Amino acid sequence: MRKPFFALVALFFCTSIFAQSNDWYVQVGVFDRKVDINYFNRIGSDVYYSKDAYGFHRYYKGVYKSETEAKGLVSKFNDMGFNSYVKSKDQLTNTCVCNSIPLPKSILNSIESIFFDFDRSNLRSESRTQLNDLVSTLNEFPSYKTILRAHTDSKGSQSYNEALSLRRANSAKQYLISRGIASSRISTETFGEDDPIAKNELNGGQDTEQGRQFNRRVEIIITNSQGDILSEMVDEIEVPNDLEN
């Protein structure tokens, strides 16, 4: 993606596109970081990129012959979840005030990692919902892959928990396969009890079911065609401060 992407940037700035009479654009995204151009697949090709003087990364759908033509697509793009409004060629070099910079997960439905009952590897109904969202994302971006990182709490022996985390990983993997995702796009990693994100016991030694629940999980990772982790597409697990490991 990177070489074609930078070629697109060069085309945006260095060709005769600005010399044409088609000088109206629909800005569809403003971010505080560069995002994969594939985020904009749903609105078709010809999405151009620029970076303003304050370091914000901007993406434009264009080019249009008139402001009226461009405005005709703004509400359509807004309905699709993009932060769309019309800019002229002259405005592209200016910096507008942005009250909030949306993250990529405001474009796509964000995905959450999944959790399990004690000593279980079967999927909860809410876990299937999250995996269905993952299926939708993988279908929308055929070059993306997923990594399923499976964990347990600390109850039971280490060898038992290693096997349990494998069953949890395979449970999620098989569900994705049943929904049409090729196994070659799914990797699994198992940790057993070795990587808790929350306390299994409080400082005084008393058991904490809430903390253990955070540890009984499969973390969902999404990677692009270069193998980069797209952390913005999956919600971070928020562990309360008093339970953080």
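Two strands are taken to pair if DSSP finds at least two bridges between them, and helices (H or I, at least four residues) and strands (E, at least two) are DSSP runs, numbered from the N terminus. The structure is a predicted model, in which local features need pLDDT of at least 70, side-chain atom pairs count only at pLDDT 80 or more, and totals for chains, interfaces and linings use all residues. Residues are numbered from 1 along each chain as its sequence is written, and side-chain values use heavy atoms, with hydrogens and water left out.

Strand β6 (residues 145–150) runs antiparallel to β8 and is joined to β8 by six bridges, with Arg149 standing opposite Glu219 of β8. Strand β5 (residues 114–115) also pairs with β8 in the antiparallel sense, over two bridges, and here Phe115 stands opposite Arg217. Because seven of the seven residues of β8 (residues 217–223) are buried, this strand is largely enclosed by the rest of the structure; buried denotes under 20% relative accessible area, exposed over 50%, and partly exposed in between (1.4 Å probe, protein chains only). Both faces of β8 are covered, with Arg217, Glu219, Ile221 and Thr223 buried on one side and Val218, Ile220 and Ile222 buried on the other.

The buried residues of α4, among them Leu164, Arg168, Ala172 and Tyr175, pack against β5, α3, β6, β7 (186–190) and β8, where contact means heavy atoms within 4.5 Å. After α4 comes Gly180, whose phi is positive, near 100°.

A further group of strands forms an open sheet of four, in the order β2-β3-β1-β4 and with antiparallel pairing. The edge strands β2 and β4 (85–88) each pair on one side only. Between β1 and β4, which run antiparallel, there are four bridges, and Tyr85 in β4 is the bridge partner of Gln27.
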